[in-house]
Amino acid sequence: MEAADILKQVKVLLFWVGAVTVAWVSLCTLYRLFNGLRVWVLGNGNLIKASKLGKWAVITGATDGIGKAYAEELARRGFAIVLISRTQEKPDDVSKAIESKYNVETKTISADFGSVDIYSKIESGLAGLEIGILVNNVGVSYSYPEFFLNIPNLDNFVNNMININVTSVCQMTRLVLPRMVDRSKGVILNIASASGMYPVPLLTLYSSSKAFVNFFSRGLDAEYRSKGIIIQSVLPFYVTTKLSKIKRASLDIPTPETYVASQLSTVSLQSQTNGYLPHAIMGWVTTSLLPAQLLTKYVMNMGLSQRARYLKKQKQG
């Protein structure tokens, strides 16, 4: 075979490789555009309603920030609300306001999720309720970014964070999921964090605990979706809450109310969601475009800067 014939065959081969590649990339791009339109523009319609899922919504960490926003939005959609929080006074105040504003039943349960002996009390408080949606929202983070071994009172810090961020999600799911399976319907929203999508140095334990919530949720969704149960991992970036210590909202830092309304429209459409379009774009950039090593270095430097400012302020104060 002459060199000209070989070159001709190579050209034909390269043409088809290029054509197939362009077609594949085009199809993937069209799929992503269609899926983005479906999630962020069309949404899931009227899925999240008491008439479709069940009378009661249960929210942990329900007296501030995202948890309170979920309680109010779900009450607006017709759910009776169970608020679970560490102290009794705060949920009582929130429940009275919700009853007055939305004309729905409410129930409060006080439980410190830093402890592990609380779940029999919670189980008794939930007995007999037709629970349509559970929002595992309670969580705790660092006071400031810090090296793991330098965290004050490290032993208690580790136990407290794991009990609140990890054990609570598993135990609350254990209590609520069986009755949802019996009725073949229900939604569990596990509020993780964008920091669970990749390692966050100096917030290592928090980031790891939220990564657990993310994987736990996605695994359970695969197990129980065929039984009519939706279990969604929710991974917000910054929202204006006490936990984030940010008070002023912006395009990429929404209020809890804006975030929750957006996130609920993604239920059933995504098993893992950033919940809010600007956050979804940020999630795509940080996990798909940036090299992991570069991202880790950037996050580490940002944490070191925040840590230095905090320690400097403590010395001055």
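This is a predicted model: local features need pLDDT of at least 70, side-chain atom pairs count only at pLDDT 80 or more; totals for chains, interfaces and linings use all residues.
**Ser-141**

I started with Ser-141 and found its place in the loop between strand 4 (131-136) and helix 6. Is Ser-141 buried or exposed? I looked up its relative accessibility, which is 16%, so Ser-141 counts as buried. The cut-off I used for buried is under 20% relative accessible area. Then I listed what Ser-141 touches, leaving aside its neighbours within four places in sequence: Phe-157, Met-161, Tyr-206 and Leu-243.

**Arg-86**

Next I went to Arg-86, which sits in the loop between strand 2 (80-85) and helix 4 (89-102). Its relative accessible area is 59%, so I put Arg-86 down as exposed, the cut-off for that being over 50%. Which residues does Arg-86 contact, once neighbours within four places in sequence are set aside? I got Ser-110, Ala-111 and Asp-112. I also checked Arg-86 against Gly-114: the two are 28 residues apart in sequence, and their C-alpha atoms are 9.0 Å apart in space.

I looked at backbone angles next. Leu-202 has a positive phi of about 75°, although this residue is not a glycine. I traced Leu-202 to the loop between strand 5 (186-191) and helix 7 (204-224). Its relative accessibility is 4%, so Leu-202 goes in my list as buried.

Ser-268 is another non-glycine residue with a positive phi, in this case near 85°. I found Ser-268 in the loop between helix 8 (256-264) and strand 7 (272-273). How accessible is Ser-268? Its relative accessibility comes to 27%, so Ser-268 counts as partly exposed.

**Helix 5 against helix 6**

I came back to helix 6 to see how helix 5 packs on it. Two packed helices are described by the angle between their axes and the distance between the axes, so I looked up both values. Helix 5 (residues 119-126) and helix 6 (residues 154-183) pack at about 35°, and their axes are 11 Å apart. The crossing of helix 5 past helix 6 is right-handed.

Which residues make that contact? From helix 5 I wrote down Tyr-119, Ile-122, Glu-123 and Leu-126. Helix 6 puts in Asn-163, Thr-167, Ser-168, Gln-171, Met-172, Arg-174, Leu-175, Val-176 and Arg-179. I sorted the residues of this contact by type and got six nonpolar, four polar and three charged.

**Residues 12-34**

I then checked the UniProt record, an unreviewed entry, which lists residues 12-34 as "transmembrane region".

**Whole chain**

I finished with the chain overall. I counted ten helices and seven strands. The C-alpha trace spans about 90 × 55 × 35 Å along its principal axes. Of the 317 residues in the chain, 44% are buried. The accessible surface is about 16,900 Å², and carbon and sulfur atoms account for 59% of that. For contacts I took pairs at least 6 apart in sequence, and 72% of those join residues at least 24 apart.

Technical notes
Residues are numbered from 1 along each chain as its sequence is written. Side-chain values use heavy atoms; hydrogens and water are left out. Axes are lines fitted to C-alpha atoms, for helices over the stretch in contact, and angles run from 0 to 180 degrees between N-to-C directions. Helices (H or I, at least four residues) and strands (E, at least two) are DSSP runs, numbered from the N terminus. A crossing is left-handed if the near helix is turned anticlockwise from the far one by less than a right angle, and right-handed if clockwise. Contact means heavy atoms within 4.5 Å. Ala, Val, Leu, Ile, Met, Phe, Trp, Tyr, Cys and Pro count as nonpolar, Asp, Glu, Lys and Arg as charged, and the others, Gly among them, as polar. Buried means under 20% relative accessible area, exposed over 50%, partly exposed in between (1.4 Å probe, protein chains only). Accessible areas come from the Shrake-Rupley method with a 1.4 Å probe; for residues, only the protein chains shown count as cover. UniProt positions are given in the numbering used here, feature names are shortened, and annotations may be inferred rather than shown by experiment.
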